[in-house]
Amino acid sequence: MGNALSRIGPGFMLAATAVGVSHLVFSTQAGGRYGLSLALLIVAIIVLKYPAFRFAVDYSSATGRSLITGYARISRVALGWLLASFAFDMFFATGAVAMVTAGLLISVFGLSFSAPQVAVALMVITAAILINGQYSKAERIVKTLVLLFTILVVVATLFSLTSLGSEGRPVFAGMTLDRSLAVFVIAMAGWMPMPTNGAVMFSKWICEKRDATGQHFDRQSAMFDFKMGYGLTLVLALCFVVMGTAVLFETGREMPASPASYATELLGIFTTSIADWVYPVIAVAGIAVIWSTQVALMDVFPRVMDRLTGALTGRPDDAPSRFRLFLAIQVSGVAAILLLLMKGFTTFLFFTTSMGFIASPAIAYYNYRAVSGDDIAAEYRPTTGLVLWSWAGIFFLAAFAVAFLWTNLG
């Protein structure tokens, strides 16, 4: 068992990144607001984004490099799209996850500090742990926490099934397409299971895993690892929709706007589903898994930004790593945003996740271009079916990007 677990890792990093906001926040709210009505939409979103992430495995297996190299071969415009996307998410996505983590800590331990203060302190602690830039350390932390949390979520979901439709409550909402629903769906889909730039992060993790384990992490291992991690994001998303429906839908309870109150209500879902005795266990697991998301993001963003800026400036691939520099930039930037610029927790989350759509269609397209290039051996290029699947996802993402701009600028 231990040997099998040592052969996987990037897929769990991917799952940890997904669970942070899209699952704990939006999947739960989807169930609480609309019952099971959005469950199929969540499945569709994750399925349509699949090729964009699958191409990360194919490209990295074919070339031994991350998708950033593929973007560099396409054009500087492609690199520019990627840089813009990561420059935004490096600060705002990390900040959103840090705020959810801070809310859980404040709720569980009754801290008297504000959520931004706790979030910044936790980022500094996480940076100190990751400062030596060892991928293996981040992977070990994340893998353990995700496995523990997954078991607890599945158990809580099974217990909550008896509450579905209790006391004559419906399980589906009578929805009317209005601005409120449109804004929620766009924000949810922006990070469900995550923005498409997560594929570039995943390709970087694959390369780091291969460097750490040698040739043991071949294409077959990487594909198995990816399918396990990506499938896990779908299972956990549906679990939170079910729990949100069972505990919150048509009960008059709503998810509060402040981070601490939101966390209290979120933990209450588990105690309602199982029993009060589970609170200490799920509190620790909840903090652990959201912190694992933060660890994953603070591990990968500095790596990607180092490689991206190097590709744009012609810096050699074998140049010394600037991981620590970009980690310091990330912590400083997030601290400035949370302490000086953030106006409201809910607004901040919706803004951050919705913005995931702005660059997503282009990134999905460039991922396809990278894995279809002349430098890629035929056995690694996508099949006709996967190409059609990819284009369906690209058009879907483009439609949501237009809807986001129309909703917010129209």
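On bookkeeping, residues are numbered from 1 along each chain as its sequence is written, and side-chain values use heavy atoms, with hydrogens and water left out. Because the model is predicted, local features need pLDDT of at least 70 and side-chain atom pairs count only at pLDDT 80 or more, while totals for chains, interfaces and linings use all residues.

Let's start with the helix pair. The axes of H5 (residues 76-109) and H12 (residues 279-313) come within 9 Å and cross at roughly 160°; axes here are lines fitted to C-alpha atoms over the stretch in contact, with angles from 0 to 180 degrees between N-to-C directions. That makes H5 roughly antiparallel to H12, a label used for angles over 145 degrees. The residues of their contact divide into 27 nonpolar, 7 polar and 2 charged.

Now to H9, residues 198-213. Its 16 residues reach 22 Å from first C-alpha to last, close to the 22 Å expected at 1.5 Å a residue, where the expected span is 1.5 Å times one less than the number of residues.

Leaving aside residues up to four places away in sequence, Lys204 touches Ser66, Arg303 and Val304, with contact meaning heavy atoms within 4.5 Å.

Note on methods. Helices (H or I, at least four residues) and strands (E, at least two) are DSSP runs, numbered from the N terminus. Angles under 35 degrees count as roughly parallel, over 145 as roughly antiparallel, 65 to 115 as roughly perpendicular and the rest as oblique. Ala, Val, Leu, Ile, Met, Phe, Trp, Tyr, Cys and Pro count as nonpolar, Asp, Glu, Lys and Arg as charged, and the others, Gly among them, as polar.
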